[in-house]
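Reader: I would like to go through this structure with you. Could we begin with the terms and then turn to the details?

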Amino acid sequence: MKLNRRTFVGAGVAAAASLSAPMLHAQGGKPRVVVIGGGAGGATAARYIAKDSDGAIDVTLVEPTKTYYTCFFSNLYMAGFRTLDSIAHSYGTLAADYGINVVHDWAIGIDRDAKTVSLAGGGTLPYDRLVLSPGIDFVDGSVEGWDISAQNAMPHAYKAGSQSELLKRQIESMPEGGLFAMVAPPNPYRCPPGPYERISMVAHMLKNNNPTAKIMVLDPKPSFSKQGLFEEGWGKHYSGMVDWIGPEFGGEGVVVDPGAMTVTIDGEVTNVDVCNVIPGQKAGRIVEIAGVNDGNWAPIEADTMRSTIDANIYVLGDATSAGDMPKSGFSANSQAKVAAMSIRGELNDARVFPAKYANTCWSLIATDDGVKVGNSYEPADGKIAKVDGFISQPGEDAEMRKRTFEESIGWYEGIASDMFG
Ligand SMILES: Cc1cc2nc3c(=O)[nH]c(=O)nc-3n(C[C@H](O)[C@H](O)[C@H](O)COP(=O)(O)OP(=O)(O)OC[C@H]3O[C@@H](n4cnc5c(N)ncnc54)[C@H](O)[C@@H]3O)c2cc1C
């Protein structure tokens, strides 16, 4: 065979691919944990397993992106309270300080009998325990007229990064007195107060730059998280700007047309300038590929976060049905620590304490006007059950609301370093 440049390059790639699989395997007979997804749940799990096992467990983290943008505080980024850089995180510290093998690739297959993960780049990773924390995907057909190919015309901005930048630009370019529409998601979905914090932040932007513009929220749910607090805040800071339309008045069954930039409510067509479609959600696709889903989500054991379908697989975060816990970064981080402890118990004989979980969701309504809702959780009767909680009260004074906002900034810094080192 004549060796021309094309065949030479091809042969080199093939050789690299066949070498890459054994090279990715752990050396020295250590137990191997593979974590899929380097977001809130996955990064925390990888870090805690590596840190607390002191190198006795080989940890590989599979994540396609080199920079992870947190959805938490992405609404604040849009309204100018944070820079995009301040919500960006990379994996250098997890690799350098914790010895985690970070592989930037997509996991595309899981062989549960062979206990291997296959990667889009061609490699294969064997595991003793597998952790899945892939976040969410969108349910096809959840909003009539919208699919993922429409995300540039009508962004979801429910995975942070370029989508958040796009939505921000679209809001900033709205014509004077224009109309912003949000199609809110049905339950259950990532971050229950997220859409309504976003409405607050959009209103904040418009009040400053385009005060005659209007906001319309089309909601399939009859009520939503922290509703009394948000509605009080919208009345106080953005009077007359926000129109929330629940299912009784056509908020359910909305049809969108991304080409024409219209939304149809109860047969009536309305032209919109910006349309933020947040579709119905399900566990990230790899959960279905692994076959550890029951319908849209992954069922887990309440005291370990282990899949109820495969004892070698743990599932964390948004992808799970986690009883009373909401889908949040705080929840995913809390669940990851329970899973890490259980995995170290199984692979490393580490001591395992009873599972305890926590969550708090802060939301910013206007400058220095922060509110929060939080709970602690424990396993009870096979599910993760709410133990006790707290929520901000309507009518709180400005000092208290400012303290709540400041608390959220401290939380962000703390949890980001708990995830990414
Ligand atoms: C607007 C908004 C505001 C929010 N605000 C808050 C807040 O204030 N507080 C809070 O606690 N939570 C908040 N959240 C929710 C929070 O972002 C999520 O609940 C959290 O990120 C879930 O963590 P996770 O690990 O399940 O998924 P993610 O953090 O989404 O991580 C999943 C990762 O898996 C990777 N992945 C997916 N599939 C694969 C695959 N096949 N192979 C390899 N990698 C893969 C993805 O690239 C991604 O990096 C907010 C969300 C939104 C949208």
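This is a predicted model: local features need pLDDT of at least 70, side-chain atom pairs count only at pLDDT 80 or more; totals for chains, interfaces and linings use all residues.

Author: Let me begin with a definition: two strands pair if DSSP finds at least two bridges between them.

Reader: Which residue of β12 stands opposite V183?

Author: That residue is L218.

Reader: And what sheet do these strands belong to, in which order?

Author: The sheet is open and has four strands in the order β13-β12-β11-β17, with parallel pairing. Its edges are β13 (242-245) and β17 (274-277), each of which pairs on one side only. On average, neighbouring strands of this sheet are turned by 15 degrees against each other, direction ignored.

Reader: What holds paired strands together in general?

Author: Strands of a sheet pair through backbone hydrogen bonds, in either a parallel or an antiparallel way.

Reader: Now the five-strand sheet: what is the strand order there?

Author: The order is β5-β2-β1-β9-β20 in an open sheet, and the pairing is parallel. Here β5 (101-103) and β20 (313-315) are the edge strands, each pairing on one side only. From one strand to the next, the twist averages 20 degrees.

Reader: How many bridges join β1 and β9?

Author: Four bridges join β1 (residues 32-36) to β9 (residues 129-132), in the parallel sense. V33 has R129 in β9 as its bridge partner.

Reader: Let us change topic to the ligand. Which residues come nearest?

Author: The ligand has 34 residues around it, and those that come nearest are E63, Y68, S133, R190 and D318. For R190, an N or O atom of the side chain lies 2.6 Å from an oxygen atom of the ligand.

Reader: What about backbone atoms, G41 for instance?

Author: A backbone N or O atom of G41 is 2.8 Å from a ligand oxygen atom. In the case of A107, a backbone N or O atom is 3.0 Å from a nitrogen atom of the ligand.

Reader: How much of the ligand does the protein bury?

Author: The ligand exposes 1000 Å² when taken alone, and the protein buries 93% of that.

Reader: Which elements give two or more residues to the shell around the ligand?

Author: They are α2 (40-53), α3 (74-78) and α9 (329-348). The most comes from α9, which gives three residues.

Reader: Which domains does the shell draw on?

Author: It draws at least three residues from each of domain 1 (5-135 + 284-420) and domain 2 (141-277).

Reader: One last topic, the backbone geometry. Where is the cis peptide bond?

Author: The cis peptide bond joins N187 and P188, with omega at about -15 degrees. P188 sits in the loop between β11 and α6 (194-209).

Technical notes: Residues are numbered from 1 along each chain as its sequence is written. Side-chain values use heavy atoms; hydrogens and water are left out. A residue is near a molecule or strand if one of its heavy atoms lies within 4 Å of it. A polar contact is a pair of N or O atoms within 3.5 Å; within protein, one must be able to donate a hydrogen and the other to accept it, and residues adjacent in sequence count only if both atoms are side-chain atoms. Accessible areas come from the Shrake-Rupley method with a 1.4 Å probe; for residues, only the protein chains shown count as cover. Domain bounds come from an automatic or database domain assignment. Axes are lines fitted to C-alpha atoms, for helices over the stretch in contact, and angles run from 0 to 180 degrees between N-to-C directions.
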